[in-house]
Amino acid sequence: MTLPAELRAEAEQKTLVLGLHYHPEETRALLHRAADALEWRPIESAPDDGRDILAFWHDDCIDHHRVVFRSCTNDWSDGINLYQPTHWRPLDAPLPATPED
């Protein structure tokens, strides 16, 4: 099981006796936000407001990770080169393994 899946499972854990959630709502929301930050997302869902993201793509047996932004021409760039990433994630989250799909 991946760390995001473990965090989501912990957030939804319920007591055996009344079937109530074990964690308060605030803690559950925090666990879900942490899981979201750890997952790679499809590039189509990336922000288009010019902020930097961590991008991923694979070609010729090489996994690439690069900080890029969406340029005014709607291309992904690091300020020098253009790229065609397939997945993205926020920069404030730790780097996980490569995307699963």
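Q: Which residue in β4 stands opposite R70?
A: That's W76. Bear in mind that this is a predicted model, where local features need pLDDT of at least 70, side-chain atom pairs count only at pLDDT 80 or more, and totals for chains, interfaces and linings use all residues. Residues are numbered from 1 along each chain as its sequence is written, and side-chain values use heavy atoms, with hydrogens and water left out.

Q: What makes β3 and β4 count as a pair?
A: They're joined in the antiparallel sense over two bridges. Two strands pair if DSSP finds at least two bridges between them, so β3 and β4 qualify.

Q: How many bridges link β2 and β3?
A: Strand β2 (residues 53-59) and strand β3 (residues 62-70) share seven bridges, again antiparallel. In that pairing, A55 faces R66 in β3, while F56 faces H65. The two strands form a hairpin with two residues between them, and D60 in the turn has a positive phi of about 50 degrees.

Q: Why are β1 and β5 called edge strands?
A: The open sheet runs in the order β1-β6-β2-β3-β4-β5. β1 (41-42) and β5 (82-83) each pair on one side only.

Q: Are helices α1 and α2 roughly parallel or roughly antiparallel?
A: Helix α1 (residues 3-11) packs against helix α2 (residues 25-38) at an angle of about 165 degrees, with axes 8 Å apart. That makes α1 roughly antiparallel to α2, because angles over 145 degrees count that way.

Q: Which residues of α1 meet α2?
A: L3, P4, L7, R8, E10 and A11 do, with contact meaning heavy atoms within 4.5 Å.

Definitions and conventions. Axes are lines fitted to C-alpha atoms, for helices over the stretch in contact, and angles run from 0 to 180 degrees between N-to-C directions. Helices (H or I, at least four residues) and strands (E, at least two) are DSSP runs, numbered from the N terminus. Angles under 35 degrees count as roughly parallel, over 145 as roughly antiparallel, 65 to 115 as roughly perpendicular and the rest as oblique.
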